[in-house]
Every structure is written in structure tokens, then in C-alpha cells.
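This report sets out the computed features of the structure shown here, region by region.

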Amino acid sequence: HAQTLAGTVTPPPPPPPPPPAGLSYATDIKPIWAARSCTGCHGSSGGLTLSGTTAASYTELMAGRVSTASPSTSLILTKPLTGAGSHGGGKSFASTSDADYQKILTWITEGAKNN
């Protein structure tokens, strides 16, 4: 017969659902920058401008910050994940399971389209 432990153990929360395929930079990715307060520093400083037009922020990202050949090594993911190097904003993503991290990773994996 089974024994029970005093107290209950709460299982970890399930991982977030995978992001939908066919992500749009304009409607799915660019809004993350404001929602995560990235545009506070990356509005006109911090070596990256994310608050401008969709075309301008996309151009900034594609200038060495996004790697479609190796999506998970893209600076737009690694710097906010680790808070390492010159990223004064610290860790923006708690882990690679973060829903926004996964959304950006999927967008890059799909070719980082300017759509």
C-alpha cells in the first residue's frame, strides 16, 4: 500500500506552448521590444535602436545581431538571456523556455523575415 508524504509537492509549471509558425516581424516580434522595456535603452542609445520604424529596427537587428545560420547564437537572444558582456539591461529572459525568447527564436529559425 502507498504511503503519502507530509505536505504536497507542487509539480513545475508546464512549458509554454510553441509559438505559431509564420511569425511576422511587424506584429509578433517588434512589439516584444516595448513590452520588455528594451526600447528604454535601445530607443536611441545602447548601440541598437529598436524603437524606430519597423523597417529601421529590422535593419538594426540584421546588422550582425541575428544569425539565421545559427539562430540560438543570435545576439538578440544571447545578450538578454545571459545579461553578459555590455548588456547593461541584465537578463531579460529567465530561460530559453521564456515565451518571448521562443517566439524570437522561431522567427529567426523561419528566416527572420521582414514581414
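## Cys-41 and the loop around it

Cys-41 is partly exposed, its relative accessible area being 47%. Here buried means under 20% relative accessible area, exposed over 50% and partly exposed in between, with a 1.4 Å probe and protein chains only. The residue lies in the loop between helix 1 and helix 2. Cys-41 and Ser-51 are separated by 10 residues in sequence, and their C-alpha atoms are 9.6 Å apart in space.

The model is predicted: local features need pLDDT of at least 70, side-chain atom pairs count only at pLDDT 80 or more, and totals for chains, interfaces and linings use all residues. Residues are numbered from 1 along each chain as its sequence is written, and side-chain values use heavy atoms, with hydrogens and water left out.

Ser-37 also has its place in the loop between helix 1 and helix 2. Although Ser-37 is not a glycine, its phi is positive, at about 65°. Ser-37 counts as exposed, with 55% relative accessibility.

## Overall composition

The protein has 4 helices and 0 strands, and its elements run α-α-α-α from the N terminus on. Helices (H or I, at least four residues) and strands (E, at least two) are DSSP runs, numbered from the N terminus.

Of the 115 residues in the protein, 30% are buried. Contact means heavy atoms within 4.5 Å. Among the contacts with a separation of 6 or more, 53% involve residues 24 or more positions apart.

## Helix 1 against helix 2

Two packed helices are described by the angle between their axes and the distance between the axes. The axes are lines fitted to C-alpha atoms, for helices over the stretch in contact, and angles run from 0 to 180 degrees between N-to-C directions. Helix 1 and helix 2 pack at about 75°, and their axes are 11 Å apart. This makes helix 1 roughly perpendicular to helix 2. Angles under 35 degrees count as roughly parallel, over 145 as roughly antiparallel, 65 to 115 as roughly perpendicular and the rest as oblique.

From helix 1, Tyr-25, Ala-26, Lys-30 and Trp-33 meet Thr-54, Ser-57, Tyr-58 and Leu-61 of helix 2. By class, the residues of this contact are 5 nonpolar, 2 polar and 1 charged. Ala, Val, Leu, Ile, Met, Phe, Trp, Tyr, Cys and Pro count as nonpolar, Asp, Glu, Lys and Arg as charged, and the others, Gly among them, as polar.

## The buried side of helix 2

Helix 2 spans residues 54-62, and its buried residues are Ser-57, Tyr-58 and Leu-61. They cover an arc of only 100° around the axis, which puts them on the same side of helix 2. The arc is that of the directions from the helix axis to the C-beta atoms. An α-helix has 3.6 residues a turn, so residues three or four places apart point the same way.

The cover over the buried residues of helix 2 includes helix 1 (25-35), helix 3 (75-82) and helix 4 (99-109). Gly-64, with a positive phi near 90°, follows helix 2.

## Helix 3 and its contact with helix 4

Ile-76, Leu-77, Pro-80 and Leu-81 are buried in helix 3. Seen down the axis, these buried residues fall within an arc of 115°, so they line one face of helix 3. They pack against helix 1, helix 2 and helix 4. Gly-83 follows helix 3 and has a positive phi, near 70°.

The axes of helix 3 and helix 4 come within 10 Å and cross at roughly 160°. That makes helix 3 roughly antiparallel to helix 4. Ile-76, Leu-77 and Leu-81 of helix 3 make the contact with Tyr-101, Ile-104, Leu-105 and Ile-108 of helix 4. The residues of this contact comprise 7 nonpolar, no polar and no charged.

## Helix 1 against helix 4, and the segment beyond

Helix 1 and helix 4 have axes that come within 10 Å and cross at roughly 135°. The two helices are therefore oblique to each other. Helix 1 contributes Tyr-25, Asp-28, Ile-29, Ile-32 and Trp-33 to the contact, and helix 4 contributes Asp-100, Lys-103, Ile-104 and Trp-107. This contact has 6 nonpolar, no polar and 3 charged residues.

Ala-112 is found in the segment after helix 4. Its phi is positive, at about 50°, although Ala-112 is not a glycine. With 0% relative accessibility, Ala-112 counts as buried.
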